[in-house]
Amino acid sequence: MALVPFWFIVIAVLWTGFFILEGFDFGVGMLHSVVGQDDPGRRAAINTIGPLWDGNEVWLIVAAAAMLAAFPGWYATMFSGLYLAMVLLLMSLIIRGVAFEYRGKRDAARWRRTWDVALTVGSLLAPFLIGLALGDLLHGLPINSAQNFTGSFWDLFQPYALLTGVTLVLICLLHGATFLSLKTTGSMHDRSRLVARRVAPFTVAAVLAFAIWTHVASSSTFFLRPLELLAILAVLAAAWLVYENRDGFAFTATAVTMASCIVSIFVGLYPNVMVSSTNPAYSLTVHNTASAPYSLKAMTVVVVIFLPLVLAYQTWTYYVFRRRVSREQFMQGTPPAVPTAPVPAQQGPSGAAPGAPPPELARKRGARHGRRL
């Protein structure tokens, strides 16, 4: 049974890793048409995450698979109760992925603008719907004694869950804007900083409200937990660093903000995995939804071996694709910068280069200054 809390921590880490890595992908998807105001600019913004986004989404698949394997009761109740929301989430992720691949298949402005809108909408809906689901886990849903969801789709749209979804969207926007500041040049870099400054105050307000409401919903003490306090301090630091044009530290601060918010939900949830609003006694816990001990042991061996390899591979990937992307790289008709050999100066009639003084005048000048030519 000691592996039960361990796997709850693993799932929390996987969801946190997904939002840290995919969070700036979502932000870039929402902002690519704002930062890149023409087609070369939008292509440049998309290519900042081009080699990374599909690898980052793997964390979502692994997190869902870990829930199914370690806590099948939790997985069954959550994905059946949030069925329609999960379908909308899958549709948004599919549309977003297709937009990346199909946008450049035709050289037509209307075609590309259509996929730009699809990319923006998909990148906005995905973090909102996941935040809605995570907020519902902590706030509570109608669940009976048989661990079955008894509510409707509209029961998911509770005030706390809506705030959680909006907060994650705003953090993704700030996270993506700081990432674009690190990865672009010229006017795109300046617009990324401007967007970050405009989004920062709203993100600070949302995180502050989220941290206080999370504490009230999951704790009976007056003082904030360390993680909730860290989320507030990190978002304040991110806003200050954005206005100070400290792009790298601002990106780090937004990552800490995202991690603190996600982990604070799981900390407030434990030992429950889904709170029942019908009766607290019907709540799903880590113990009444866990797999058999042998399954947990086998999965522990797998995660101990392969998780470090995945982290090492992704670290290497980010190192390889660390260079900035410029708008000029995607402008059609721009001639390549090919080095050419210097053109030799043409000789004049007397053997001197054009524009050189006559030999007699040169000798006189040399004698006047005491040197020979």
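Which residues do ring pairs link into a cluster? In this predicted model, in which local features need pLDDT of at least 70 and side-chain atom pairs count only at pLDDT 80 or more, totals for chains, interfaces and linings use all residues. Residues are numbered from 1 along each chain as its sequence is written, and side-chain values use heavy atoms, with hydrogens and water left out.

The cluster linked by ring pairs consists of Phe8, Phe71, Trp74, Phe266 and Tyr270, where rings of Phe, Tyr and Trp (its six-membered ring) pair if their centres lie within 6.5 Å, and planes under 30 degrees apart count as stacked, over 60 as edge-to-face and the rest as tilted. Across the whole structure, 23 aromatic pairs are found. One of them, formed by Phe222 and Phe223, is edge-to-face, with 5.3 Å centre to centre and 85° between the planes; Phe222 is exposed at 72% relative accessibility, and Phe223 is exposed at 65% (exposed means over 50% relative accessible area, buried under 20% and partly exposed in between, with a 1.4 Å probe and protein chains only).

Asp25, located in helix H1 (residues 3-35), a DSSP run of H or I with at least four residues, numbered from the N terminus, is buried yet has no salt bridge, the nearest side chain of opposite charge being Arg96, 4.6 Å away. A salt bridge requires a side-chain nitrogen of Lys or Arg within 4 Å of a carboxyl oxygen of Asp or Glu; Lys and Arg count as positive and Asp and Glu as negative, while His and the chain ends are not counted.

How values were computed:
Helices (H or I, at least four residues) and strands (E, at least two) are DSSP runs, numbered from the N terminus.
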